[in-house]
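Q: I have a protein model open on my screen. How do I start reading it, feature by feature?

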Amino acid sequence: MNTSNITRRHFFQDCAIGTGKIALASLLADSAYGATQSPNVAAPTHFQPKAKAVIHMFMAGAPSQLELFDNKPMLTKYEGKPLPPSIIGGQRYAFIRPDAAVLGPRYQFARHGQCGAELSEMLPHLATVVDDIAIVKSCRTTQFNHAPAQIYMNTGFSQPGRPSMGSWITYGLGAETRDLPSFVVMSTGSGISGGAACWSSGFLPSVYSGTRFRNTGDPILNVSTPQGIEAGTQRDTIELINAMNQRRLKLDGDGETATRIANYEMAYRLQSSAPELMDLSKEDEATLKMYGCDPKVPSFARACLLARRMVERGVRFINIYNEGWDAHSDVAGNVKRNCGITDQASAALIKDLKQRGLLDSTLVVWGGEFGRTPMVEASVSLGRSLGRDHHPQAFTMWMAGGGIKGGVTIGATDEMGFNIVEDETHVADLQATILHCLGIDHERLTFSKAGLDFKLTGVEPCHVIKQILA
């Protein structure tokens, strides 16, 4: 047996008997899995990190890069005519024919900041922080339908069952807070196609799953103490349950029992920490105005402000899902409506983190699961007109903060915005870069399952996007 690649993580995980599981019970007060793998204790990184936390603003439904970031005047010239077959190749689409007519960009573009980055008129607030962000105009995915593409962007695999990026990161790095979950998920719409698979821990212990914060009522279901239950009674109950769980853990060493213990303790602490986190009454009027946030009304702006507060309190990974970007009809109206919801708060988050000295240690990521076609989608039977279909070949994302160089734009598409012609960036490259900013080598963050060492970035070659690193 080759033992050269066995790490402490593998030893503690795989040892059927011995010091790992003997020591486990004594560590449960502060750790469910030992100091190097605890959800409650920060673990060492592979190299010096720039970022300590990630805020991932996921624009579910896929924003149109052609109306926001990737200006293509040639589309106006050819509007109403089909793209040449030589450009399209053998690509198939969900709702349009490959010979569908070209649709020109619906909005004007201008250059902004000292870097001169080109943005749509629909992003006036982002334009004010353009020197703090890195724009990647050459992203590409292998998936062209929403659910698999969303799952792929979040887990590195197109089918449910793999750990999400937030789960991998909290598994690798542990936590900086014992009073809040390390991985938090917020949604500002009716739900996303990929569902809970996008923040699941997959085959990792379930303690690494994302914790969903609700928009109304208790932020977490059942976090409030039921009426008639005194604090002492509740504490005694939890201690009794934990004692029974620890006895079970000593007998079978099941990691899910350790997760149960950690979850009971976290739930008890959340009864005070969650309401304090969600209480925006101490935020000053200037901050609320900058975000465009009404503290009492659920919104994307409120989620962004809460994300900043979570970073301040040591939360490691925060997903904010904003649904509604699926512009199969009226792409102009879709972009205008969604930018009205997200642009101000996205820019405010960058400004707020920066003025508080948190941007250098917080990586902010913005983008969807794929792009939109240069060709128009129109269907009388479906009631659609002037829309754009799914386009996996090219889309745009931006990043800012911990480890990222501001005022940079990389990548380019052809004059029709169809194919990438410079600095092609696959989903795994984005994931590898996010891990790199956190001090993690994507090749070394692995988990053994069924005789295989799984990684977030999969088995295909990928690379860190060095052009955008600070």
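A: Begin with the term strand. A strand here is a DSSP run of E of at least two residues, and strands are numbered from the N terminus. Leu386 is found in one of them, strand β10, residues 384-391. Keep in mind that this is a predicted model.

Q: How many helices and strands are there in the chain?
A: The chain has 13 helices and 17 strands.

Q: Which value does phi of Asp423 take?
A: Phi of Asp423 is near 55°, a positive value, and Asp423 is not a glycine either. Asp423 sits in the loop between β14 (420-422) and β15 (425-426). At 32% relative accessibility, Asp423 is partly exposed.

Q: How do I decide whether a residue is buried or exposed?
A: Look at its relative accessible area. Under 20% is buried, over 50% is exposed, and in between is partly exposed. Of the 470 residues of the chain, 55% count as buried. The chain's accessible surface is about 20,000 Å², and carbon and sulfur atoms hold 52% of that surface.

Q: Where does Thr373 lie, and is it buried or exposed?
A: Thr373 is in strand β9, residues 371-379. Thr373 has a relative accessible area of 0%, so it is buried. Look at its side chain next. A polar atom there lies 2.8 Å from the backbone oxygen of Met375. Leaving out residues up to four places away in sequence, Thr373 touches Leu66, Tyr93, Ile96, Arg388, Asp389, His390 and His391.

Q: What share of the contacts in the chain with a separation of 6 or more joins residues 24 or more positions apart?
A: That share is 77%.

Q: Why does the pair of Trp168 and Phe203 tie together parts that are apart in sequence?
A: Trp168 lies in helix α7 (residues 165-173), while Phe203 lies in the loop between β5 (183-187) and β6 (211-213), so the pair links parts 35 residues apart in sequence. Trp168 is buried, at 1% relative accessibility. Phe203 is buried too, at 16%.

Q: Which ring pairs with Tyr171?
A: Phe447 does, edge-to-face, at 5.6 Å centre to centre and 75° between the planes. Tyr171 is in helix α7 and Phe447 in strand β16 (residues 447-449), so this pair ties together parts 276 residues apart in sequence. Tyr171 is buried, with a relative accessible area of 0%. Phe447 is buried at 7%.

Q: Over which rings do the charged ends of Arg162 and Arg384 sit?
A: The charged end of Arg162 is over the ring of Phe157, 3.9 Å from its centre. The charged end of Arg384 is over the ring of Phe95, 4.6 Å from its centre.

Q: Which residues of the largest nonpolar core touch the most other members?
A: This core has 59 residues, and Met57, Met186, Ile320 and Trp398 touch the most other members. Helix α12 (residues 331-355) gives the most to this core, with 10 residues. Now zoom in on Met186. Beyond its neighbours within four places in sequence, its contacts include Phe213, Ala303, Leu306 and Ile320. Another core, of 56 residues, lies apart from the largest one; Leu204, Tyr321, Val427 and Leu430 are among its members.

Q: How many residues of helix α13 are buried?
A: In helix α13 (residues 427-437), 10 of the 11 residues are buried, so the helix is largely enclosed by the rest of the structure. Among them are Val427, Asp429, Gln431 and Cys437. Gly439 follows α13, with a positive phi near 85°.

Note on methods. Residues numbered from 1 in each chain as written. Predicted model: local features only at pLDDT ≥ 70, side-chain atom pairs only at ≥ 80, totals over all residues. Heavy atoms only, no water. Helix = DSSP H or I, 4+ residues; strand = E, 2+ residues; numbered from the N terminus. Buried < 20%, exposed > 50% of the residue type's maximum accessible area, 1.4 Å probe, protein only. Contact = heavy atoms within 4.5 Å. Areas by Shrake-Rupley, 256 points an atom, 1.4 Å probe, with all protein chains shown as cover. Phe/Tyr/Trp six-rings, centres within 6.5 Å; stacked < 30°, edge-to-face > 60°. Lys NZ or Arg CZ within 6 Å of the ring centre and 35° of its normal. Core = buried A, V, L, I, M, F, W, Y, C linked by side-chain atoms within 4.5 Å. Polar contact = N/O pair within 3.5 Å; in protein donor to acceptor, adjacent residues only side chain to side chain.
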